[in-house]
Amino acid sequence: MVAAAFIITAIWGRFFCGFICSFGAMQDLVWLGGKHMPRKIKVPEKADRILKLLKFAVLLFVIIGVWTFSVTGTTLWSPWTIFGMYATFKGFPAASYLLSIGGLLMLLILIGSFFIERFFCKYLCPLGALYSLAAKLRIFKIKKPTAACGNCCLCASQCSMSVPMNKYDSIASGECINCMRCTTVCRRNNVKANVMPAVSGTAVAAALMGVYFVGDMMVNTLPDTYDTMVSNEIVFSQDNTVGQYKDGTYQGTGNGFRGNIDLTVTVSGGKITDITVNSSWDDNEFFSCAESKVIPAIIAAQDVNVSTVSGATFSSNGLIEAISNALGVPFTNPNSTMTNHHRR
């Protein structure tokens, strides 16, 4: 999926940012929502050029600070994660997630998008930084001969990414997201663009969906192979205590990615004998992966201190939290900002 997005960017420019990215769509909706309110902030060209370098600093922070040295630890710092939690009609997770660093950054982005069009895309998006570099190779260019231009500068003033289009005969900037607004506002009909990017964008969207669904189908139809691939994700606790729990059937709740995870834990002979998930709002492809690994690990270890499954961390922690809640044992969900009150 990443390769497909970068290939299309190198050919057509940042079409993904303009027409496919859901984070960009969110910013457009916020901007349009306040369209008739006196709130637009005009960033001077020189300041805009400097501020656009910030996204490269964010990119370096993600690569070096987060991926390499894990400086954020278990802190919920990513606004993309918060966006993914709440951009759903299925159900919403705990409101406490909005009080995390990621939630506050999300609020900052929403406020910034209200005053400055495509605020995040221009100044903070690390993926946009990568795309802006790849887009410099773009084959598709917007043609705008300056010799035929007047002095209106509408193309530049209406550009969603604040590209100084009035200075160039051909627009090949990595900042351009192919919104095509310049082609509609030019009174001299001097800005020309081929319609092929629209066709290519549709093809890319179809290809991305195809890759996703084929991959998902392979995971669901080849469970044994998949289990082998991720079997090393679970670390079973040693020195298990036998018969430490009171016999009975207990209900527990934990915070998953999109909402509550409710389950039932059965204890017999002092041991956890069965764990049944009653309901979950999490996406099935991630939740089923966590469920198939975490629950057997806890039953085998007779302990909630087991490893989470990579790629399904929120679902894993939600399951562990719910089981801890049912058994009345302490557990702090690293993805949650709330302290959970456990019960038997």
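Is Cys155 buried or exposed in this predicted model? With a relative accessibility of 8%, Cys155 counts as buried, a class defined by under 20% relative accessible area, against over 50% for exposed and partly exposed in between (1.4 Å probe, protein chains only). The model is predicted, so that local features need pLDDT of at least 70 and side-chain atom pairs count only at pLDDT 80 or more, while totals for chains, interfaces and linings use all residues. Residues are numbered from 1 along each chain as its sequence is written, and side-chain values use heavy atoms, with hydrogens and water left out.

The chain contains 15 helices and 5 strands, taken as DSSP runs numbered from the N terminus (helices: H or I, at least four residues; strands: E, at least two). Of its 344 residues, 43% count as buried. Among contacts (heavy atoms within 4.5 Å) with a separation of 6 or more, 66% are between residues 24 or more positions apart.

A search of the whole structure for disulfides (pairs of cysteine sulfur atoms within 2.5 Å) finds 0. Cys155 is in no disulfide, the nearest cysteine sulfur being that of Cys149, 5.8 Å away. For Cys159, the closest cysteine sulfur belongs to Cys179 and lies at 5.6 Å, too far for a bond. Cys159 is also buried, with a relative accessible area of 13%.

Helix H15 spans residues 313-327 and includes Leu319; Ser316 lies in helix H15 as well. Leu319 is buried at 0% relative accessibility, and Ser316 is likewise buried at 0%. Not counting residues up to four places away in sequence, Leu319 touches Ile261, Leu263, Val277, Phe287, Ala290, Glu291, Val294 and Ile295. Phe287 is 32 residues from Leu319 along the chain, and their C-alpha atoms are separated by 9.2 Å. With the same exclusion, Ser316 touches Ala290, Val294, Thr308 and Val309.

On the surface, Leu60, Phe61, Ile63, Ile64, Trp67, Phe69 and Val71 form a nonpolar patch with about 760 Å² of accessible area together. Patches are made of residues with over 30% relative accessible area and no salt bridge, joining like charges within 9 Å and nonpolar side chains (Val, Leu, Ile, Met, Phe, Trp, Tyr) within 5 Å; a salt bridge places a side-chain nitrogen of Lys or Arg within 4 Å of a carboxyl oxygen of Asp or Glu. Trp67 lies in helix H5 (residues 54-68) and counts as exposed, at 64% relative accessibility.

Methods. Accessible areas come from the Shrake-Rupley method with a 1.4 Å probe; for residues, only the protein chains shown count as cover.
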